[in-house]
Every structure is written in structure tokens, then in C-alpha cells.
Amino acid sequence: MAATYRAVMLTQKGGPEVLQVVEVPVEAPGPGQLRIRVRAAGVGATDLMMLSGSYMYMPPIPFVPGYEVAGVVDAVGDGVAGFAVGQRVAALTVHGAWAEMLVHEAEHFLPVPDGVSDRDAAGVILNYVTAWQMIHRVAQVRAGQTALVTGAAGGVGTAALQLLRLAGVKAYGAASVAKHDTIRSLGATPIDYRAGPIDRLTRALEPAGVDYAFDAVGGANIGRCIGALRRGGLIVGFGFMGAPGQLDKIAMFINIFVGSRLRGRRGTFYGITQLYRKNPTPLREDLPKIFALVADRKIDPLVARTFPLLDARAGIALLMTGTVEGKIVLVHD
């Protein structure tokens, strides 16, 4: 075995140019750890936030980004049971996945079943578990209800539309006109958020308002999403890409939790990493359900583009254009 492997290192705050491919020494897994050969890793909004230094769960710079990973077990540390060399596995890593190898605690890994490709396994961990948990654990939707999804053509948005359709929920997806065919293909009714206030546009289709709003935009959009809800309806905020500063984030939390109640609605915030750090059990229960849906062809992860594993720069650059529909995945050749 070679003494080193290659990894993409975030060297400082900035754009794609601060991502550098470096040589890293191969390390043996310690007690309770696995070493895997990475086969695929996701690229998403959280990685972009790390480049700007604004993600609360990022480690000190420099570090190797990569929020989610699929790979093959290469070595097993002492005291680890239930895993074997050659086994396909996946994990929510938060960082470390943009590399040819990864050493990580075994407790974070789950088996990848036959019928789920490495690309799809990496592509569903963050987006589909986020969507599943918002829909089923937070909102607890029921068939026949209605929902508005903002950022509907993005990674979490497309996942949410597929899962809402499976749950029998009538969904409306807010996106630019160029992405409306994608929204329709996922079983939802598109709304052009540029054509006017999202609450007015939604109520033109659902005069009484929708039961749920899943908002990825944040900022001033939160008030409009609350207005799109029926009385007693629920807004779930996630992502908050529209809130770069701490004061902005505080204002949005107040709007979601307090503003919604002042208007006779309900509001909450969902963050997959926050929940996973507090209690890993829900993800360990829900990710196998997502894998089963993929294997049974009940959902088809929308992967907009794949790049070579070490070409994270290109993946981030494409994500920054705002044109991506679905997920970007880095794959090892």
C-alpha cells in the first residue's frame, strides 16, 4: 500500500481557488474506527458555507471538507464489530469526505445495500434524510395535505418533492421558470417566485393556504411563507443560506418562532447536523429507509452532475452559479 493518499484541503476562506489537492499520510484506524476507500462524496450548500467560514460545525482551517461519503471498508480498528474489509458503507461525516481515504469512527457508518450505487448513496445522505426528517419527524404530514417548498429545484428541494409525492401530499415548488420542468417531473406544481410575493402566488392556487411550508431561503422570504400558510399551518425553516450574519440569523429565528405564532401559525427550525449531534438514532433509522426506496426504484435521486473525486473545485464552482437542479456528486474513477 502507498504511504500517502490525496485529499482536497480547504486552506483558507475564499472561493473554489482555496481548495488544494494535497498528499496526506495513510493512517491505520484506531480503536473503534474504520478506514475506508472513498468511492463518492457529495457537494452541497453546507460545503459552500464552510468556504466562507460561516458554518457553525466546521473544524478549524485547514481541513478536508466533504459532508457525506460512500466507500468501501479498507481496514477495521480494534473493538469494531459488524464491519468487514470490502464492505460498502456510507456516513454523514460533516467534513473529511473529499479524499481518497477516510478514517472515521465506525459508529457513524451504515451498510449500503445492493441496488444502490456509490453515487446515489452519497447523493441521498444529506438531502434525502433532511427532507425525510422534516416531512415525517417534524411536520408529520398526512396524505391529502398540501405543502410549499422553496428552493424546490435544489438538492433538498427535489428530495422533498419526491418524498411528499410518496406521502400523498400535494406539493408546490417555488423555483425560477427555467427549472419548472424539473418541478413538474417530480410531481409538483411549479411557482415562479420571481412573478410576485410567494404568499400571493401560493394562495392563487390554494386560497385557504397550504398546510406546510418548507423554506430554504430565509431572510424576508420567511414572512411571505408564513403568509402562504393556512391558520394553524406549520413553517419549517432549514439551511438559512439567506442569513450570512449572526444578527440576520437571530432575526430569522425570531420570525419563525414568534412571528408565525403572532399570525396564528406555527414555526420551527430543522438542522440535520444539530439533530445528529444530539441524537444519532434518527439518522441511523431513516437512512436505511431512504436506501430501500432507492433500491426499490420508488425514488430516483436527481444528480445534476458528477465530477472526479478530487475535482471539488469544479463542483463548488458549478454550485455557486445557482443553476444546479438536484445534487452534485464527486466520484472516484
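Let us begin with D215. Leaving aside residues up to four places away in sequence, D215 touches T150, N221, I222, C225, I235, V236, G237 and F238. The model is a predicted one, and it places D215 in strand β11, which covers residues 210–215.

Which side chain of opposite charge is nearest to D215? That is R263, 11 Å away. D215 is buried and has no salt bridge. There is a polar partner, though: the side chains of D215 and N221 are joined by a polar contact of 3.0 Å.

Now to the empty spaces. Rolling a probe the size of a water molecule over the atoms shows where such space is left. The table sets two of the spaces side by side.

| Space | Volume | Element giving the most to the lining |
|---|---|---|
| Second largest pocket | about 310 Å³ | β6, four residues |
| Largest cavity | about 50 Å³ | α2, three residues |

The second largest pocket has 16 lining residues, and those nearest its centre are Y5, G96, M101, L102 and V103. Two or more lining residues come from each of β1 (4–10), β2 (19–25) and β6 (101–105).

How many cavities of 30 Å³ or more does a search of the whole structure find? The search finds one. The largest cavity is lined by G123, N127, Y128, G155, T158, P301, L302, V303, G326 and K327. Helices α2 (118–138) and α3 (155–166) are the elements that give two or more residues to this lining.

Terms used: Residues numbered from 1 in each chain as written. Predicted model: local features only at pLDDT ≥ 70, side-chain atom pairs only at ≥ 80, totals over all residues. Heavy atoms only, no water. Buried < 20%, exposed > 50% of the residue type's maximum accessible area, 1.4 Å probe, protein only. Lys, Arg positive; Asp, Glu negative; His and termini not counted. Salt bridge = Lys/Arg side-chain N within 4 Å of Asp/Glu carboxyl O. Polar contact = N/O pair within 3.5 Å; in protein donor to acceptor, adjacent residues only side chain to side chain. Contact = heavy atoms within 4.5 Å. 1 Å grid on protein atoms, 1.4 Å probe; cavity = no way out; pocket = protein on both sides within 12 Å on 5 of 7 lines; lining within 4 Å. Points joined across faces, edges and corners; volume = space filled by probe spheres on them.
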